[in-house]
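Subject: Handing over a structure

Dear colleague,

I am passing a structure on to you, and I would be grateful if you could look through it with the notes that follow. The sequence and the model come first, and then what was found.

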Amino acid sequence: MKEITVAELKKMKDVNEDFQLIDVREPHEYQIAKIPGSKLIPLGEVMQRARELDTADEIVVHCRSGARSVR
């Protein structure tokens, strides 16, 4: 697992790099501030919803502070 910066994520989006952006926050947090193109899968649901992830693509996971996404 590799940690990236916000600037690196922006660059990936700007050049249309092929990746999935997964937001592991809770739905109310996602509604307040979501990144266009991201998919909401709350941390507590990741294991049950893992089949929704395309492992052929790079997967970028994010949250508000980084604590949930690193898990």
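Arg49 is partly exposed, with a relative accessible area of 21%, where buried means under 20%, exposed over 50% and partly exposed in between (1.4 Å probe, protein chains only). Its partner in a salt bridge is Glu45, with the closest N and O atoms 2.9 Å apart; a salt bridge is here a side-chain nitrogen of Lys or Arg within 4 Å of a carboxyl oxygen of Asp or Glu. Glu45, at 34% relative accessibility, counts as partly exposed, and a network of salt bridges links Lys39, Glu45, Arg49 and Glu52.

Before going further, please keep in mind that this is a predicted model, in which local features need pLDDT of at least 70 and side-chain atom pairs count only at pLDDT 80 or more, while totals for chains, interfaces and linings use all residues. Residues are numbered from 1 along each chain as its sequence is written, and side-chain values use heavy atoms, with hydrogens and water left out.

As for the overall layout, the protein chain has 3 helices and 3 strands, and along the sequence these follow the pattern α-β-α-β-β-α. Helices (H or I, at least four residues) and strands (E, at least two) are DSSP runs, numbered from the N terminus. Of the 71 residues of the chain, 28% count as buried.

To return to the charged pairs, the count by this rule comes to 5 salt bridges, and in general side chains of opposite charge can pair when their charged atoms come close. One of the salt bridges joins Lys10 and Asp14, whose closest N and O atoms are 2.7 Å apart; these two residues are separated by about one helical turn, because they are 4 residues apart in helix 1. Lys10 is partly exposed at 49% relative accessibility, whereas Asp14 is exposed, with a relative accessible area of 51%.

Another salt bridge brings together the side chains of Arg25 and Asp23, at 2.6 Å from N to O, and both of these residues are buried. Asp23 also takes part in a polar contact of 3.2 Å with the side chain of His62, a polar contact being a pair of N or O atoms within 3.5 Å, of which, within protein, one must be able to donate a hydrogen and the other to accept it, and residues adjacent in sequence count only if both atoms are side-chain atoms. His62 belongs to strand 3 (residues 58–62) and, at 13% relative accessibility, counts as buried.

Two loops also deserve a look. In the loop between helix 1 (6–14) and strand 1 (19–23) you will find Asp18, which is exposed at 58% relative accessibility. The C-alpha atom of Asp18 is separated by 6.5 Å from that of Asp57, although the two residues are 39 apart along the chain. Asn16 has its place in the loop between helix 1 and strand 1 and counts as exposed, at 68% relative accessibility.

With kind regards
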